[in-house]
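Look at the model below, then follow the text through its strands, a helix pair and the ligand site.

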Amino acid sequence: MNQVEIPFLDLPAQQKSVLPEMMEVFKAACESASFIGGPLVSNFEQSFAEFSGSKYSVAVNSGTDALRFALMAMGINQGDHVVTVPNTFVATTEAISQAGGKISFVDVEESTSLMDLNKLEDLLNERFEKSTNKTLRPKFIVPVHLYGQMTDMDGLMQLAGKYDIRVLEDACQAHGAKYKGKGAGTIGEAGAFSFYPGKNLGALGEAGAVTTNNSKIADYIKVIRDHGQRKKYYHEIEGYNGRLDAIQAGCLSVKLKHLKKWNEERQKLARVYDTELSQLPWIKKAEVLPHNISSYHLYVIHCQNRDGLQKHLKDKGVHTGLHYPVPLHLQQCYSSFGYKTGDFPVSEKLSQRLLSLPMFPELGEERVRYVVESIKSFQS
Ligand SMILES: *Cc1c(COP(=O)(O)O)cnc(C)c1O
């Protein structure tokens, strides 16, 4: 048994720091029995829009619903091709399929794990210029701002503009991330956020939101998340039960006030990792480009003997994660698409080399140094 145990993520620590404030929310919600909708939800929506730098934010049940509803609000039609990356959480592609879309994968860049825009350009060139089959022409691109770093949005928006493609940002890991000063979820037509407990801003259960500057998109999502009704029992369209609970919204508002500080703490810890790990030639870190401010949802390194290092760290009491161990094109649920190993080689290589180190605001520099020392003691 180790004397030291460093969790990958310490969720109880975060709840503890805001528990008294959240208890007030709980008490007020119970006293008024206002559990669905109401001011707790609309106040959170307003604060989150301000935080993100978008005009509107619409709160929903989960990040998955945020992605799905946003695609629907943006006018996806059955069979429309939607471009995204294979190295993401399955919710990205679930949302695409379940909104009626067809998934088109583009591989990622090895250094950042983000969509490779050269490969995106190749795909668009192929589908728009070379192929005469118009049904293959993508209507949407969903860049995934993985680990808390935004995709190169200037380059992406330029390509999207050239071919008249709509852009939905998967910002589920990027609360507070910036690209050239602009917030995640504010550059594309809409952005989808998750407040799953482990995210930088986490609810006490499931929660998500869509950000947008487009009032029509915001309005449509407000209607479909609530059974397609604007007025009770008058259903304009067939919608969903996709609302965010008032208690969750209230707790998220409490936590949102701390998010900037929490993100800064993550950034500070990332700099310690950066400095210390740069001395180890056998470790590469997932790069953050200079015009980006990462929210460091995850701190990820690449290591050839990843499994060995992960086991070594576990023996030292350091818990780590894999994001993600199997790229989506090789997942069983997509076997019917007929992808094979070698189709997206960078995502495949990363899936075998990536290791996510402990990263959360309450971690503290001392424990980061212990993680680093433990890595240094691994004979690669
Ligand atoms: C967490 C996450 C989602 C889904 O969010 P849920 O709230 O769990 O539905 C989607 N995309 C990415 C990249 C995520 O990390």
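In β5, the residue that bridges to Ile141 is Val167. This is a predicted model, in which local features need pLDDT of at least 70 and side-chain atom pairs count only at pLDDT 80 or more, while totals for chains, interfaces and linings use all residues. Residues are numbered from 1 along each chain as its sequence is written, and side-chain values use heavy atoms, with hydrogens and water left out.

Strands are DSSP runs of E with at least two residues, helices are runs of H or I with at least four, and both are numbered from the N terminus. Two strands count as paired if DSSP finds at least two bridges between them. Strand β4 (residues 138-141) is also joined to strand β2 (residues 81-84), by three bridges and again in parallel. Here Val82 is placed opposite Phe140 of β4.

A separate description applies to the open sheet of three strands, ordered β7-β6-β13 with antiparallel pairing. Its edge strands, each pairing on one side only, are β7 (182-183) and β13 (292-293). Strand β6 (residues 178-179) runs antiparallel to β13, and two bridges connect them. Within β13, Asn292 is the residue opposite Tyr179.

Next come the helices. Helix α3 (residues 63-73) packs against helix α4 (residues 91-98) at an angle of about 35°, and their axes are 8 Å apart. The axes are lines fitted to C-alpha atoms over the stretch in contact, with angles taken from 0 to 180 degrees between N-to-C directions. From α3, the residues Thr64, Leu67, Arg68 and Leu71 meet Ala91, Thr92, Glu94, Ala95, Ile96 and Gln98 of α4, where contact means heavy atoms within 4.5 Å. By class, this contact has five nonpolar, three polar and two charged residues; Ala, Val, Leu, Ile, Met, Phe, Trp, Tyr, Cys and Pro count as nonpolar, Asp, Glu, Lys and Arg as charged, and the others, Gly among them, as polar.

For Ser194, a polar side-chain atom lies 2.6 Å from a ligand oxygen atom, and for Lys199 the corresponding distance is 3.0 Å. A polar contact is a pair of N or O atoms within 3.5 Å.

How values were computed: Polar contact = N/O pair within 3.5 Å; in protein donor to acceptor, adjacent residues only side chain to side chain.
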